[in-house]
Amino acid sequence: ALRIEKRPVPRPGPGEVLVRIVASPISPSALMTVQGEYGIGWPFPLVPGLEGSGRVVAAGGGFLAQRLQGRPVACVADRQGLWAEYAVTKAARCVPLPADVSLAQGAMSFVNPLTAIALVRTARRAGHWAAISTAAGGALGRMIRERGKQEGLKIINVVRRAEQAEALRAEGAGHVLSTDAIDFDAALLETCRSLRCRMAFDAVGGALTGRLAEALGRSGEILVYGALDLKAVKLHPGTMIFKGLTIRGFWLSQWLTKRSFPEQLLMTRQVITSLRGGFAESRVASVHDLSEGPTALARYASAMSSGKVL
């Protein structure tokens with residue numbers, strides 16, 4: 001159960017900074033962290049919140065940490081999360097924010113934008129020209145769609161409800177399908193055939209992964225990067241065998257560790273640029289004080305595609 005408690009203000013060590021936190025978003029990964037199902041391995045009791053923004057108010061030793069002193073930053077959590085007034089994290093996990101980028105947008109500048117960049121890049125470098133994107137009605141789904149346009153990757157947008165599909169079509173999105181439609185599986189199969197689609201980005205898991213597998217072409221690939229269904233992936237083994245499908249997990253943290261420092265720096269700059277009205281900008285549904293944590297969690301969980309809750 002969530003609770004508010006007072007702790008001493010932490011002190012930064014070598015290579016670390018102390019950030020006075022302004023905002024931190026609720027996300028599916030944050031929910032999984034609270035439930036003890038996310039892969040970071042923090043012991044309970046823990047402070048949730050994987051990304052956020054604020055101002056550096058103290059710095060430990062090291063050139064990078066000292067350089068960030070007093071600056072507004074976007075940051076990623078290290079040993080504990082960012083749903084707090086003050087948090088210590090590594091200076092290398094902080095990015096200075098330009099004056100024309102709000103701290104609210106900066107708080108959401110890591111996980112979703114970098115995931116969109118990574119997924120689309122993975123598909124394009126493997127030679128794909130089309131990909132299925134599940135949970136397409138949410139903030140990350142929109143970023144994948146926009147990034148796909150930039151990189152020449154056609155996106156088949158899969159949502160859970162008819163009203164979500166109508167909203168996406170009204171925004172100008174193409175290839176929109178809803179899983180609650182009677183003809184969903186047949187429509188997805190036909191769309192994949194027409195676009196020669198052999199790639200899927202799956203944020204849901206459960207039975208939907210198997211339905212994606214049935215629709216993809218031979219030698220297709222599914223990257224499972226989320227577990228919104230909170231159920232085990234389900235599919236027929238014959239589909240994998242006779243289609244030669246590959247299904248593997250995708251975790252942004254591990255993907256980033258395999259990128260060179262110059263490549264990481266380039267992607268970070270792309271995200272910061274895109275926060276100025278670009279693909280990385282997120283809609284904010286509501287803002288809550290720390291004391292309203294349980295209310296904020298419930299609001300986000302009930303309407304994830306309505307916008308971010310900070």
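Guide: Happy to! One idea to begin with: the expected span of a helix is 1.5 Å times one less than its number of residues. Also, keep in mind that this is a predicted model.

Visitor: Okay, so how many residues does helix 7 have, and what does it reach from its first C-alpha to its last?

Guide: Helix 7 covers residues 184-195, which makes twelve residues. From first C-alpha to last it reaches 16 Å, close to the expected 16 Å.

Visitor: Which residues of helix 7 are buried?

Guide: Those are F184, A187, L188, T191, C192 and L195. They sit on the same side of helix 7, because they cover an arc of only 130° around the axis.

Visitor: Why would residues three or four places apart point the same way?

Guide: An α-helix has 3.6 residues a turn, so residues with that spacing point the same way.

Visitor: And what do the buried ones pack against?

Guide: Their partners are strand 6 (130-133), strand 7 (154-159), strand 8 (176-178) and helix 8 (207-215). On the face turned away from the buried side, helix 7 carries the exposed residues A186, R193 and S194.

Visitor: What follows helix 7?

Guide: R196 does, and its phi is positive, near 55°.

Visitor: New topic: how many cavities of 30 Å³ or more are there?

Guide: There is one, and the largest cavity has a volume of about 40 Å³.

Visitor: What lines the largest cavity?

Guide: A74, V95, S109, F110, L114, T268, V271 and I272. By class, six are nonpolar, two are polar and none is charged. Helix 11 (residues 261-274) gives the largest share of the lining, three residues.

Note on methods:
Residues are numbered from 1 along each chain as its sequence is written. This is a predicted model: local features need pLDDT of at least 70, side-chain atom pairs count only at pLDDT 80 or more; totals for chains, interfaces and linings use all residues. Side-chain values use heavy atoms; hydrogens and water are left out. Helices (H or I, at least four residues) and strands (E, at least two) are DSSP runs, numbered from the N terminus. Buried means under 20% relative accessible area, exposed over 50%, partly exposed in between (1.4 Å probe, protein chains only). The arc is that of the directions from the helix axis to the C-beta atoms. Contact means heavy atoms within 4.5 Å. On a 1 Å grid over the protein atoms alone, a cavity is a set of points where a 1.4 Å probe fits but cannot get out, and a pocket is an open set with protein on both sides within 12 Å along at least five of seven lines; lining residues have an atom within 4 Å of a point. Grid points are joined across faces, edges and corners, and a volume is the space filled by probe spheres set on the points. Ala, Val, Leu, Ile, Met, Phe, Trp, Tyr, Cys and Pro count as nonpolar, Asp, Glu, Lys and Arg as charged, and the others, Gly among them, as polar.
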